Amino acid sequence: PNPFTDELTIEFNVTNRDAVVEVYDMLGRRVRTLTQGAAAGEQRIAWNGKTESGSSAATGVYFVRVSDGEKADMRSVVLQR
């Protein structure tokens, strides 16, 4: 669901093993890298609203970027605490 409160499930399809899923804040700072080197094909991964350091991300808009070396897609999500 978007907005989400506890956990966001991200579904994506990649063509090669170079897939990277990252979360950025409104200022363009990377908040969390969710996966690197995901297998090709349809994937599902969850973000629990935590930063790289393990602290809770603040309420607000974030951008989830999925890149597989050939193409990239970015979507906005809203975290409500």
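**Contacts, rings and strands**

Mentor: In this predicted model, the side chains of Asp25 and Arg29 are joined by a polar contact of 2.7 Å.

Trainee: Is Asp25 buried or exposed?

Mentor: Asp25 lies in the loop between strand S2 (19-24) and strand S3 (30-38). Its relative accessible area is 12%. Buried means under 20%, so Asp25 counts as buried.

Trainee: Which residues does Asp25 touch, not counting those up to four places away in sequence?

Mentor: One of the residues touched is Tyr62, which is itself buried.

Trainee: How are the rings of Trp47 and Tyr62 arranged as an aromatic pair?

Mentor: The structure holds 2 aromatic pairs. In the pair of Trp47 and Tyr62, the centres are 5.5 Å apart and the planes make an angle of 70°. Planes over 60 degrees apart count as edge-to-face, so this pair is edge-to-face.

Trainee: Which parts of the chain does that pair link?

Mentor: The two residues are 15 residues apart, and the parts they link are distant in the chain. Trp47 is in strand S4 (residues 41-47) and Tyr62 is in strand S5 (residues 60-67).

Trainee: Which residue in S6 is the bridge partner of Val64?

Mentor: S5 and strand S6 (residues 72-79) run antiparallel and are joined by 8 bridges. Their hairpin has 4 residues between the strands, and Gly69 takes a positive phi near 90° there. The bridge partner of Val64 in S6 is Arg75.

Key:
Residues numbered from 1 in each chain as written. Predicted model: local features only at pLDDT ≥ 70, side-chain atom pairs only at ≥ 80, totals over all residues. Heavy atoms only, no water. Phe/Tyr/Trp six-rings, centres within 6.5 Å; stacked < 30°, edge-to-face > 60°. Buried < 20%, exposed > 50% of the residue type's maximum accessible area, 1.4 Å probe, protein only. Polar contact = N/O pair within 3.5 Å; in protein donor to acceptor, adjacent residues only side chain to side chain. Contact = heavy atoms within 4.5 Å. Pairing = 2+ DSSP bridges.
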